[in-house]
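Subject: Structure handover

Hello,

Here is the structure for you to look through. My notes on what was found in it follow below.

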Amino acid sequence: MPRRHESDAAQRHTPVLLQRCLDLLAPALESDHPVLIDCTLGMGGHSEGALTRFETLTVIGIDRDPEAIALASARLAPFGDRFRAVHTTYDHVDEVARDASPYGDGTVDAILMDLGVSSLQLDDAGRGFSYSRPAPLDMRMDQSVGTTAQQLLDTADEREITRILRTYGEERFAPRIAAALVRRREAGRPVRETADLAELVRESVPAAARRTGGHPAKRTFQALRIAVNAELEVLGRAVPRALNSIRVGGRLVVESYQSLEDRIVKQAIAVGTTTRAPEGLPFVPDDAAPYLAAVTHGAEKADDDELASNPRSAPVRLRAAIRLRPAADAPAPEPERAADPGPRRSRPTGTDRTSKTTRGRRKR
Ligand SMILES: C[S@@+](CC[C@H](N)C(=O)[O-])C[C@H]1O[C@@H](n2cnc3c(N)ncnc32)[C@H](O)[C@@H]1O
């Protein structure tokens, strides 16, 4: 059963752009017994909205966070076997779709992704996601596997920390922050918790930069979280797999919260909406025709009403696409190499980051 603060969080949590997401999914959910995969179940807000609005819908909810799985499963229990949860990372969406396909061909009607961290994770003092809550530097979305932010900061070399902060946090002062972290480590006083790290970042950036753009540690925390969870690498695999797991006429809807995520989604949709016919041909051969159509014009943002009622929606970028040709004929390509090579270490630790994929599954 969820702890009390978790159920409170579920009540407080307002899913971002819920009605717009449901409107975008709706045309794909008109069959008799449609199936939706919610790749980012979280507290179950979007899933609950979908199950309520589409009365014959089945939802399969994926999350890598066991707490989210437990909380959402309890919340959605009143829907009986119309909902089931799968504990895994969303790059396994194709396997989940194979199990759940009502068409017997591995496809479902629609897939939803609401990326990033949930307010449950941010608000939970023990998780270490937030610079404003004192906690150990963990930041793993699944605390049963993988390397913590603390382990990363204890072992990555200065160049690697700079790369992580610059690439995933778009942090201008990445070299200064990385140098300060390594100095502390070499002096035998490594940062040990969130408040300590937030203060080190504040001290490392020039005074003028501390006065603009929110808390100076915001970008460092985002960068470490992305690295710890290999978020971009997993997303880079997941988007084409999701696009290959929807039937013709099926829809993918994705909400991103920062530019690195949105770029991956935008590029995958752009590949599918572009004809591959050589320029100058008088007609487009069938096998070169686009296999996707964009449903949103570019990325949609939250409007004033949404912003007023749900401040978390401020950074959202919403994109949606519909499949025009079967994935068997026109598969969305996976990235050729990993988008995220993972952190380089200054000394061996015996921990293998790549061997701990979360594969445990919970099924009803
Ligand atoms: C923004 S929250 C989703 C909130 C949800 N839409 C709701 O209405 O309650 C994102 C969720 O995605 C999960 N998540 C993030 N990356 C994931 C991944 N690679 N695989 C599976 N789940 C992931 C997080 O654990 C978190 O619970």
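Seven strands make up an open sheet with mixed pairing, in the order β3-β2-β1-β4-β5-β7-β6. Strands count as paired if DSSP finds at least two bridges between them. Helices (H or I, at least four residues) and strands (E, at least two) are DSSP runs, numbered from the N terminus. The edges are held by β3 (83–87) and β6 (292–294); each has a single partner strand, so one side of each is left without a neighbour in the sheet. On average, neighbouring strands of this sheet are turned by 20° against each other, direction ignored. Angles run from 0 to 180 degrees between N-to-C directions, and axes are lines fitted to C-alpha atoms, for helices over the stretch in contact.

This is a predicted model: local features need pLDDT of at least 70, side-chain atom pairs count only at pLDDT 80 or more, and totals for chains, interfaces and linings use all residues. Residues are numbered from 1 along each chain as its sequence is written.

The overall picture

The protein has 15 helices and seven strands. Of its 364 residues, 46% are buried. Buried means that 20 or more other C-beta atoms lie within 10 Å of the residue's own; exposed means 12 or fewer, partly exposed is in between, and C-beta atoms are placed from the backbone. Among contacts between residues at least 6 apart in sequence, 72% join residues at least 24 apart. Two residues are in contact if their C-beta atoms, placed from the backbone, lie within 7 Å.

β1 pairs with β2 in parallel through four bridges, with Ile37 opposite Ile60 in β2. β1 also pairs with β4, again in the parallel sense, over three bridges; here Leu36 stands opposite Ala110 in β4. In a regular strand the side chains alternate between the two faces of the sheet. In β1, Val35 and Ile37 point one way while Leu36 and Asp38 point the other way, and all are buried.

Strand β2 (residues 58–63) runs parallel to β3 and is joined to it by five bridges. Facing residues include Ile60 opposite Arg84 in β3 and Asp63 opposite His87 in β3. Four of the five residues of β3 are buried, so β3 is largely enclosed by the rest of the structure.

Helix α4 and Ala72

Eight of the 11 residues of α4 are buried, which leaves the helix mostly covered. Among them are Glu67, Ile69, Leu71 and Arg75. Ala72 is placed in helix α4 (residues 66–76) and counts as buried because it has 29 C-beta neighbours inside 10 Å. Apart from its neighbours within four places in sequence, Ala72 is in contact with Leu41, Gly42, Met43, Gly44, Ser47, Gly61 and Ala85. Gly61 is 11 residues from Ala72 in sequence, and their C-alpha atoms are 8.7 Å apart in space.

The ligand

There are 20 residues around the ligand, and Pro15, Thr40, Gly42, Gly45 and Ser118 come nearest. A residue is near a molecule or strand if its C-beta atom, placed from the backbone, lies within 6 Å of it. α3 (45–53) and β2 each supply at least two residues of this shell. The shell divides into seven nonpolar, nine polar and four charged residues. Ala, Val, Leu, Ile, Met, Phe, Trp, Tyr, Cys and Pro count as nonpolar, Asp, Glu, Lys and Arg as charged, and the others, Gly among them, as polar.

Two loop residues

Leu17 lies in the loop between α1 (4–12) and α2. Its phi is near 50°, a positive value in a residue other than glycine. Leu17 counts as buried because it has 23 C-beta neighbours inside 10 Å. Glu170, in the loop between α8 (158–169) and α9 (174–186), has a phi near 45°, a positive value in a residue other than glycine. With 14 C-beta neighbours inside 10 Å, Glu170 counts as partly exposed.

Regards
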